[in-house]
Amino acid sequence: MTSKDARSHMARALSEAEAAQARGEVPIGAVIVSADGRILASTGNRTRELNDPTAHAEILVIRAACAELSDERLVGCSLYVTLEPCPMCAAAISFARIKRLYYAASDPKGGGVEQGARIFSQPTCHHVPEIYPGIGETEAGALLKDFFAARRA
């Protein structure tokens, strides 16, 4: 995987985040890419639309990619997401056996990877992906800041 490919996949995740924002959702997007570079699934948050607190972009994209592959595991796959996954999503990433996690912005308040619960550091964690933070951080951070600033106004 080249850094150009990683930036391209994160750009797709950012597009999904923008689409989520247009639906009134918190602007978080995610993309899952197979080991051979094929995009298996991409989506954004849908918690409000589906009235489902688990409908985070990461959970939805994992479900879609598993359905695409007809497998409960995503071995060899990479996940690109615009915000550091929360503890729930980090656990799902581990259970899905995703090989690489790329995320744009850190989440000091609700993150579960390098902030907060640090799911992958727990002795009960079954699988730890390779983690690559910071790709597209500026763009994703600005999208989130603008979204929440508008909601507070």
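Reader: How do α3 and α4 run relative to each other, and at what angle do their axes cross?

Author: In this predicted model, α3 and α4 are roughly parallel to each other. Angles under 35 degrees count as roughly parallel. The axes of helix α3 (residues 57-69) and helix α4 (residues 87-96) come within 9 Å and cross at roughly 20°.

Reader: What is the handedness of the crossing where α3 passes α4?

Author: The axes of these helices come within 9 Å. Where α3 passes α4, the crossing is left-handed.

Reader: How many aromatic pairs does the structure hold, and what is the geometry of Y102 with Y132?

Author: The structure holds three aromatic pairs. In one of them, Y102 and Y132 have their planes 20° apart and their centres 4.9 Å apart. Planes under 30 degrees apart count as stacked. The pair is therefore stacked.

Reader: Which strands does the pair of Y102 and Y132 link?

Author: The two residues are 30 apart and link distant parts of the chain. Y102 is buried at 6% relative accessibility, whereas Y132 is partly exposed at 33%. Y102 lies in strand β4 and Y132 in strand β5.

Reader: Which residues form one aromatic cluster?

Author: Y102 and Y132 form a stacked pair. The cluster consists of Y80, Y102 and Y132.

Conventions: Residues numbered from 1 in each chain as written. Predicted model: local features only at pLDDT ≥ 70, side-chain atom pairs only at ≥ 80, totals over all residues. Heavy atoms only, no water. Phe/Tyr/Trp six-rings, centres within 6.5 Å; stacked < 30°, edge-to-face > 60°. Helix = DSSP H or I, 4+ residues; strand = E, 2+ residues; numbered from the N terminus. Buried < 20%, exposed > 50% of the residue type's maximum accessible area, 1.4 Å probe, protein only. Axes fitted to C-alpha atoms, helices over the stretch in contact; angles between N-to-C directions. Parallel < 35°, antiparallel > 145°, perpendicular 65-115°, else oblique. Left-handed = near helix turned anticlockwise from the far one by under 90°.
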